[in-house]
Amino acid sequence: MVVLGLLASGCGSPTSGRAPSPAVADASRVDMCTILTDAELSQLGIKLNTRKPVDELGIVGCQWVGKPFTLRLERGKETVAAYQARRHSPTFTSFVDNTVNGRTGAHLSVERDRTDCAQLMDGGPVSLTVAVAPAFSLSPQPVDSCAEALRIAQMIEPRLPKAGS
Amino acid sequence: MSSVEQAGAQLAGVVQQPASLAAAVAAGELWMEAGVAERAAQRCDQAVEDIDQWVSSVHRLTQSRKFGANEDGDEAADRFATAAQEYINTIRNAQRVFANMAATYRAAGRTINETDSASEQMFRSWFQ
């Protein structure tokens, strides 16, 4: 199945009228719960014992609480292109296209104050999400959630399957 | 006003209670054995952490497509996002209550610690 999928993505003819997207390998087997080591998570301020596995609505991954932010690392069945197609949905309080180490992505917020940020990365038939939001504190440190999410996504991206590998 | 917003308004009243407890601690009217105070504070810390987990889950549910790619689905998603924001605002109020309670318990524990320490020093000075 995987071989067929790779062949299809590698040999498919580009859609007429649109520039073909750079080939991205199928990331549907990537385990986002273990893609960062415990040492790396600790360095980010994540409390390892707060790890909570997630499997709902086609989204699989893990979430943690830390200081100064909470972290979600997930793989979802909705592609980055599908997210981009509903960029104007009132569900999103912001939606910006970007890239992660050259890989197609986007970041979005869902809270009105836009303190949360989910960085999406193209994983072929799936999307990969790194989501950051400030953890609650009576004396909060300012957190740039999108900058943190992008930084973590840049750590993860080189570990994702590459086209042709 | 939605039921979630009503719950939020009620919680706003509850927020005042830790403030009066903190005033009692500051006035020396409330103190706790340090170990008990720390255990109580840790339970409140756990509640604060649990709510951070809930907020993360709400973010994920809001972000995902739940109701189909059509006009009705988009409308339902919009209503869901509004309800989710109200829910987050409400449970953030509860979180503030728990965080203030943790700080109050720790202050109450410190008060008796400081009293114990002062008494110990006084007795030592008497018997030296």
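Student: Quick one before we start. When is a residue buried or exposed?

Tutor: A residue is buried if 20 or more other C-beta atoms lie within 10 Å of its own. It is exposed if 12 or fewer do. Keep in mind that this is a predicted model.

Student: Okay. How many helices and strands does chain A have?

Tutor: Chain A has four helices and seven strands. Along the sequence, the pattern reads α-α-β-β-β-α-β-β-β-β-α.

Student: And how much of chain A is buried?

Tutor: Of its 165 residues, 38% are buried.

Student: What order do the strands take in the sheet?

Tutor: The order in chain A is S1-S2-S3-S7-S6-S5-S4. The sheet is open, and the pairing is antiparallel.

Student: Which strands stand at the edges?

Tutor: Strands S1 (52–56) and S4 (94–100) of chain A do. Each has a single partner strand, so one side of each has no neighbour in the sheet.

Student: How far are neighbouring strands turned against each other?

Tutor: By 20 degrees on average, ignoring direction.

Student: Let's zoom in on S3(A). How many of its residues are buried?

Tutor: Eight of eight, so to speak: S3(A) is mostly covered, with eight of its eight residues buried.

Student: Which residues point which way from S3(A)?

Tutor: A:Phe69, A:Leu71, A:Leu73 and A:Arg75 point one way. A:Thr70, A:Arg72, A:Glu74 and A:Gly76 point the other way. Both sets are buried.

Student: What joins S2(A) to S3(A)?

Tutor: A hairpin of four residues connects them. Strand S2 (residues 59–64) of chain A runs antiparallel to S3(A), with six bridges between them. Within that pairing, A:Gln63 stands opposite A:Arg72.

Student: How many bridges pair S3 with S7 in chain A?

Tutor: Eight bridges, again antiparallel, link S3 (residues 69–76) and S7 (residues 126–134) of chain A. A:Leu71 stands opposite A:Val132 there. A:Gly76 has A:Ser127 as its bridge partner in S7(A).

Student: New topic. What does helix H4 of chain A lie across?

Tutor: H4 (residues 145–156) lies across S3, S4, S5, S6 and S7 of chain A. Against S7(A), the helix runs at about 140 degrees.

Student: Which residues is A:Val130 in contact with, leaving aside neighbours within four places in sequence?

Tutor: A:Val130 touches A:Leu73, A:Gln119, A:Ala149, A:Ile152, A:Ala153 and A:Ile156.

Student: How many residues are in the largest nonpolar core?

Tutor: 57 residues. A:Val130, A:Val132, A:Ala149, A:Ala153 and B:Tyr105 have the most contacts inside this core. Helix H3 of chain B supplies the largest share of the core, with 11 residues.

Definitions and conventions: Residues numbered from 1 in each chain as written. Chains lettered and ligands numbered in written order. Predicted model: local features only at pLDDT ≥ 70, side-chain atom pairs only at ≥ 80, totals over all residues. Pairing = 2+ DSSP bridges. Helix = DSSP H or I, 4+ residues; strand = E, 2+ residues; numbered from the N terminus. Axes fitted to C-alpha atoms, helices over the stretch in contact; angles between N-to-C directions. Contact = placed C-beta atoms within 7 Å. Core = buried A, V, L, I, M, F, W, Y, C linked by C-beta atoms within 7 Å.
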